[in-house]
Amino acid sequence: MEWQKFAEEMALLARTLLKQDSVQQTLDEIAASAVKLVDGCDAAGILAVRKGRAVTLSSYGDMVEESDRLQGELGEGPCFDLARRADEERVFRVADMTQPQPGWPRYAEAARGLGIGSMTGVLLYTHEEDFGALNLYARRPGAFTEDIETAGWLLASHAAVALADARTIDQLEHALETRHAIGEAMGMLMERHGMSDEDAFSVLRNISQHHNIKLRDVAQEIRDKHTGDQV
């Protein structure tokens, strides 16, 4: 492993990740960069476990989504186990998938059918927040040495910071859009019915609670109806 070159590429990756416009683009760039930066890596993906279900957040390579699907369906596999662990273990490495894997025998057999020879994975996290596992795949056994495992860990730790930023930006943009929609709807009610801003907001809130509809969706319906009436 040429660590100086790897460090330079990581610096470039940091800037690239921060330029992405959405959480999904950030995830996709992380998966693609793993294949580009980690020697021997033929495919990469980001797997999350939500309410016991395996969810492919991003994939780069033809074996990733099927591998994730199988792990979720079978309820076993190294990525699936890693992403839902509560302990301090944050890395796994399967040196040779052609050998018996007692921890998840059904998945190992299926993985061999997908052409997976070796795997390694690292949790994506910033401080105490886990986002899921970054998983690297190789077609040949023995592709991921301890050095490569370290490179994967560095990539995942570095990428998780950018992912955290992307999530925060996405949440802020969503909050601003919601606030703008509610403000417009309130303005329409105030103009049409002579309401105060407090009364207009109460109307929106009551409709939301009575019909079990999100406040933003209520606001959007009022905006759409107002626009339609003007046409």
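User: What share of the contacts in the protein with a separation of 6 or more comes from residues 24 or more positions apart?

Analyst: A contact means heavy atoms within 4.5 Å. Residues 24 or more positions apart account for 58% of the contacts with a separation of 6 or more. This is a predicted model, where local features need pLDDT of at least 70, side-chain atom pairs count only at pLDDT 80 or more, and totals for chains, interfaces and linings use all residues. Residues are numbered from 1 along each chain as its sequence is written, and side-chain values use heavy atoms, with hydrogens and water left out.

User: How is a nonpolar core read, and which residues of the largest one touch the most other members?

Analyst: A nonpolar core is a set of buried Ala, Val, Leu, Ile, Met, Phe, Trp, Tyr and Cys residues joined through side-chain atoms within 4.5 Å. Buried means under 20% relative accessible area, exposed over 50%, and partly exposed in between (1.4 Å probe, protein chains only). By this cut-off, 41% of the 231 residues are buried. The largest core has 30 residues, and Val38, Cys41, Ile46, Leu134, Leu136, Phe144 and Leu155 touch the most other members. Helix H1 (3-18), helix H2 (23-37), strand S1 (43-50), strand S4 (118-126), S5 and helix H6 (146-193) each supply at least two residues of this core. A second, separate core of 19 residues includes Met63, Met97, Ala108 and Ile116.

User: What does leucine 155 contact, leaving aside its neighbours within four places in sequence?

Analyst: With those neighbours left aside, leucine 155 is in contact with Met10, Leu13, Ala34, Leu37, Val38 and Leu134.

User: Which residues of helix H3 are buried?

Analyst: An α-helix has 3.6 residues a turn, so residues three or four places apart point the same way. In H3 (residues 64-74), the buried residues are Val64, Ser67, Asp68, Leu70 and Gln71. They lie on the same side of H3 because they cover an arc of only 160° around the axis, the arc being that of the directions from the helix axis to the C-beta atoms. Just after H3, glycine 75 has a positive phi of about 70°.

User: Is asparagine 135 buried or exposed?

Analyst: Asparagine 135, in strand S5 (residues 129-138), is buried, with a relative accessible area of 0%. Leaving aside neighbours within four places in sequence, its contacts include Ala43, Cys79, Phe92 and Thr120.

Methods: Helices (H or I, at least four residues) and strands (E, at least two) are DSSP runs, numbered from the N terminus.
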